[in-house]
Amino acid sequence: MLAGLITIDRSSSVPLPEQVYRAVREAIGAGRLDAGARLPSSRALAVALGISRNSVNAAYELLAAEGIVTVRSGSAPKVASVAVWGEGETPAISARAVALSARGRAMSTDPWSATERRRGGRMEPGTPSPDRFPADEWARTLRRAARRLRGDVLSYGETRGLPELRRELAAYLAAERGVRATPERILVTPSTQASLNLLASALADPGEAAWLEDPGYLGARAAFTAAGLDIVPMPVDEEGADPRLVSGRRPPRLIYVTPSHQYPYGTRMSLARRAMVLDAARACGGVVLEDDYDSEFLFSGRPLAAMQGLGAEGEVIYLGTFSKSMLPGLRVAYMVVPEHLAGPLAVAQRVSGMLANVMTQAALADFIASGRYRAHLRRVQETCEARGRELAAALRQRLGTAADVPDPVGGVQLALRFAGAVDDLAIAARVNALGFGVAALSPYGIACNPSGLVVGFAGAQGGEAQACAEAVAGALAGAEKRRA
């Protein structure tokens, strides 16, 4: 998608039309856009980039004036069959020579672009509470870690993760989540997305089936698609994913679930459903990938132990991350794998280069061992609960019966569902044009077609929840006027 090749910098002195022009010109010259390729309309590209249509039209006119793009009334712009370049300017490599493979095309498709989500916007789902991050305390911990580290860990040793961190994680997960783990079974990765990509490629062959919650996490769908797997949707209701509704489909090699806090709906999977998922995996020799998403932030009800502790050895791979409890920029996640897979997956991890920063790992080990991590989680949970309830109240007050707004039971975002047939992509685009980063709900569906928004609340400060509710209400009102 063209929008994925363009980065808009509003703080730059370069005018927006010039930024778009340069990015498109560079993409064509580098062969990332083939000759004759259709480009988005100026309206569609303007919405995707969050800029005015006039800016896009000006960029297209500059490209057309140079003969690089052809623009005709009534038809979509296209890359010229033979681009006209200035003297001494030619593409470094022809587009044919640098064409992506089928897997490369799947890997380079941004799964979040379809949600109209604006990266870095206010109320963006999946983002933690940056104002609650203990920056000074963390800086001191990092300095201690840097002074203490010695030997092979600073070179190419311990690629599966720093031993100190793996020991702390094994003890923490056993105590807090009921996970059966030893340090030898833990692999530390840069992100849950990296873990999913590694597991999808290492545990399943192209064409095999992967069962995925519907609606479900777009990152998991992207990982399975890139690995060439056949995605089978599992419908989600108030008890979580229901494997009975796909029992007649292809047996799964992988089953991906978010039982602690389903993404995007936020429901918790019942014990009965957890048992059904485990039974489905046992029946065909499949593996459950348990993404313990947002399990650190539970606002009400009794916490349920992780599925990994309920199953027999080898049925479940447990995935966790520090992205929500600390910051995504730390780039540290982990997985607990069966003992017989730990060695082979560690080699696959090293070969694929999915390695986490060792200084950050050392600091996290210290942070957990000292008890400061648990204290930090308590503070963040209190903040998230207050902000989640504030957002839900504001949305209910402004939207009334136009949307179903759930009580946030945990996590860092909530999913509201519109009543009736509403174009949630258009609503998200209008809201995000005001500086927000909410996501349309419909792209998360595979076979289902929900309509709503996924709205983050963990970082909401200073009236942002009220402002977001006003923006959503205004967008809905505008949509109703246009349909009338």
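Modeller: Let us begin with a definition. A pocket is an open set of grid points with protein on both sides within 12 Å along at least five of seven lines. Please keep in mind that the model shown here is predicted.

Biologist: What volume does the largest pocket have?

Modeller: The volume of the largest pocket is about 790 Å³. Its lining is made up of 25 residues, and those nearest the centre are Ala48, Leu49, Arg117, Arg118 and Arg119.

Biologist: Which helix gives the largest share of the lining of the largest pocket?

Modeller: That share belongs to α2, with five residues. Both α2 (42-49) and α13 (424-432) supply at least two residues each to this lining.

Biologist: How is empty space found in general?

Modeller: In a cavity, the probe fits but cannot get out. Here, the structure holds one cavity of 30 Å³ or more. The largest cavity contains about 40 Å³ of space, and among the residues lining it are Arg180, Arg185, Gln308 and Pro338.

Biologist: Let us turn to the sheets. In what order do the eight strands of the open sheet stand?

Modeller: The order is β3-β10-β9-β8-β7-β4-β5-β6, and the pairing is mixed. Since β3 (186-189) and β6 (240-241) are at the edges with a single partner strand each, one side of each is left without a neighbour in the sheet.

Biologist: How many bridges join β4 to β5?

Modeller: Six bridges link β4 (residues 209-214) with β5 (residues 230-237), and the two strands run parallel.

Biologist: Which strands does helix α7 lie across?

Modeller: Helix α7 (residues 192-203) lies across β3, β7 (252-257), β8 (287-291), β9 (316-321) and β10 (333-336). Its direction is at about 155° to that of β9.

Biologist: What is the order of strands in the open sheet of four?

Modeller: The four strands follow the order β11-β12-β14-β13, with antiparallel pairing. At the edges are β11 (403-404) and β13 (439-440); each has a single partner strand, so one side of each lacks a neighbour in the sheet. Two bridges connect β11 with β12 (residues 413-418), and Asp404 stands opposite Arg417 in β12. Helix α12 packs on this sheet and touches β11, β12 and β14 (452-456), making an angle of about 15° with the direction of β12.

Biologist: Thr383 is a residue of helix α12. Is Thr383 buried or exposed?

Modeller: The general idea is a cut-off: a residue under 20% relative accessible area is called buried, and one over 50% is called exposed. Thr383 counts as buried because its relative accessibility is 13%. Apart from neighbours within four places in sequence, Thr383 is in contact with Ser129 and Arg132.

Biologist: Why does Ser352 count as partly exposed?

Modeller: The relative accessibility of Ser352 is 38%, so Ser352 counts as partly exposed, a class that sits between the two cut-offs. Ser352 belongs to helix α10 (residues 339-352).

Biologist: What does the side chain of Ser352 reach?

Modeller: It reaches the backbone oxygen of Ala348, at 2.9 Å. Finally, compare sequence with space: Ser352 and Asn197 are 155 residues apart in sequence, and their C-alpha atoms are 10.0 Å apart in space.

Methods: Residues are numbered from 1 along each chain as its sequence is written. This is a predicted model: local features need pLDDT of at least 70, side-chain atom pairs count only at pLDDT 80 or more; totals for chains, interfaces and linings use all residues. Side-chain values use heavy atoms; hydrogens and water are left out. Buried means under 20% relative accessible area, exposed over 50%, partly exposed in between (1.4 Å probe, protein chains only). A polar contact is a pair of N or O atoms within 3.5 Å; within protein, one must be able to donate a hydrogen and the other to accept it, and residues adjacent in sequence count only if both atoms are side-chain atoms. Contact means heavy atoms within 4.5 Å. Two strands pair if DSSP finds at least two bridges between them. Axes are lines fitted to C-alpha atoms, for helices over the stretch in contact, and angles run from 0 to 180 degrees between N-to-C directions. On a 1 Å grid over the protein atoms alone, a cavity is a set of points where a 1.4 Å probe fits but cannot get out, and a pocket is an open set with protein on both sides within 12 Å along at least five of seven lines; lining residues have an atom within 4 Å of a point. Grid points are joined across faces, edges and corners, and a volume is the space filled by probe spheres set on the points.
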